[in-house]
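Subject: Handover of a structure

Dear colleague,

Please find below the structure that I am handing over to you.

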Amino acid sequence: MDILPKSFADRQALVDHVKALSPQAKGDAASPIEATQANLAKRLDALDPAAYGRSRNFINGKVTGLSPFIRHGMVSLNQVRNLALDRVARKSDAEKLIQELAWREFWQLVRRDHPDWIWRDAEPYKTGFSSRDYADALPQDIAAGQTGVAAIDDIIAMLTTTGYLHNHLRMYLASYVVHWRRVKWQAGARFMLNHLIDADAASNNLSWQWIASTYSQKPYIFNLENMQKYCGDAINTQAQDNQALDASYEVLTARLFPQQREMA
Amino acid sequence: MATILWVHDGALRADHPMFDAETVKSSRDYKAVFIWDNDYFNKAEMGLKQLVFIYEALLDMPVDIVQGSMVEVLRQCAGTDGTIVTAATSDITLTQMMAALNTSHRLQVVADEPFAHLDKTPDLRRFFRYWNKAKSSAMQHHGGMPILWTE
Ligand SMILES: Cc1cc2nc3c(=O)[nH]c(=O)nc-3n(C[C@H](O)[C@H](O)[C@H](O)COP(=O)(O)OP(=O)(O)OC[C@H]3O[C@@H](n4cnc5c(N)ncnc54)[C@H](O)[C@@H]3O)c2cc1C
């Protein structure tokens with residue numbers, strides 16, 4: 001049994017080694033986010049639960065960036081929670097962050113008790129469509145980040161180059177794939193798993209089901225105005241470059257779920 | 001009798017409670033392995049970026065990286081009468097492998113530090129039904145539970 005090397009001249013040598021070991025793995029380059037103890041320590045140092053509670057929905061908000069470390073058990077939820085409590089004057093200031101940590105715990109429990117929900121619809125879609133109405137495969141323009149909707153293409157580029165997306169960007173992308181393009185959530189979930197450095201079938205696939213409405217009461221949709229509010233300059237949210245997203249919720253609901261309206 | 005500490009991709013830290021398991025501590029020459037298993041990675045849909053992240057994390061861990069099929073390598077390392085110690089997970093493929101290994105070997109599965117205490121499994125249909133039950137424990141250091149592991 002050969003023991004594989006643990007010392008490399010530089011990071012590129014490590015990346016080349018992994019590519020040679022796993023040539024089948026999707027993606028061409030590594031993420032710039034390093035799995036080092038120094039990087040983890042930096043992120044734990046920066047943990048600011050109160051600021052997190054105020055700004056977490058904004059792309060440039062004080063999110064922790066801890067997900068790849070938590071996903072791989074490099075730090076436990078308990079350790080992050082304890083640190084969060086140590087950093088606040090009032091317990092309630094840590095509640096939002098601890099509640100988000102609880103989302104991870106929740107999805108793990110769901111997978112433990114319902115492993116079949118990882119790839120199968122937990123419930124029917126509440127969109128007026130049945131799962132047969134959704135395409136099985138991810139369209140090529142989405143995989144290539146060339147949908148023609150600028151904000152979505154920027155999100156896909158971020159995903160495929162860094163392997164990390166803010167929660168809000170994951171929601172936008174998933175909603176676009178399932179509801180604008182009417183593609184099965186499974187196809188989108190697989191695409192994200194292939195690129196995320198924190199890829200976790202429980203958090204990822206069950207979140208996709210939540211967006212799709214197969215694990216929630218109604219489909220999650222957004223519009224350009226919402227993106228403009230939360231994204232700042234992080235992605236291109238110019239109206240002329242994002243026409244498919246630029247409408248009120250009422251108009252989008254009627255456009256995306258016409259049969260739901262007929263049913264109502 | 002060999003003791004094998006099976007480190008998988010959900011437990012890449014040297015202070016995971018599995019390193020403190022009595023079986024591991026009392027074994028003078030336990031061996032920690034991470035198995036680079038492409039079939040497992042493919043099944044999990046893991047891409048290059050995540051695999052590089054995992055390999056890089058392993059560089060800091062007291063563990064040997066070995067390429068092969070997880071179950072086969074573990075059976076080979078543990079011999080006929082060895083013990084395999086590993087970290088609990090809800091991952092479906094890993095859970096199935098653990099069940100298979102349990103038929104041929106002594107397998108000890110060590111849970112991570114708990115996050116929240118629940119009297120019984122809550123309704124998992126919706127997050128807030130879970131959160132309402134878990135919150136009072138989750139909002140305390142160590143989930144308000146006695147610390148059974150060493151820090
Ligand atoms: C479509 C979709 C796919 C997702 N796929 C994954 C995935 O593969 N792996 C993954 O770890 N998370 C996933 N998430 C959840 C969430 O988006 C990420 O955990 C979070 O954005 C990671 O960034 P952060 O560490 O800066 O998060 P923060 O906001 O700083 O949160 C701190 C930690 O809490 C946990 N957390 C926060 N929000 C969630 C959530 N909604 N669900 C589960 N855990 C959460 C994570 O462990 C995170 O590191 C997904 C969400 C969506 C909507």
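Buried area is the accessible area (1.4 Å probe) that two parts lose on being put together, summed over both. By that definition, chain B and chain A bury about 6000 Å² between them, and carbon and sulfur atoms account for 58% of this. On the side of chain B, the residues that lose the most area to chain A are B:L48, B:K49 and B:F53, together 15% of what that side buries.

This is a predicted model, in which local features need pLDDT of at least 70 and side-chain atom pairs count only at pLDDT 80 or more, while totals for chains, interfaces and linings use all residues. Residues are numbered from 1 along each chain as its sequence is written, chains are lettered from A and ligands numbered from 1 in the order in which they are written, and side-chain values use heavy atoms, without hydrogens and water.

In terms of contacts (heavy atoms within 4.5 Å), 61 residues of chain B touch 81 residues of chain A. Seven salt bridges are counted between the two chains; a salt bridge is a side-chain nitrogen of Lys or Arg within 4 Å of a carboxyl oxygen of Asp or Glu. A:E95 and B:K135 form such a bridge, at 3.0 Å from N to O.

The C-alpha atoms of chain B itself fill a box of roughly 45 × 35 × 30 Å along the principal axes. Among its contacts between residues at least 6 apart in sequence, 68% join residues at least 24 apart.
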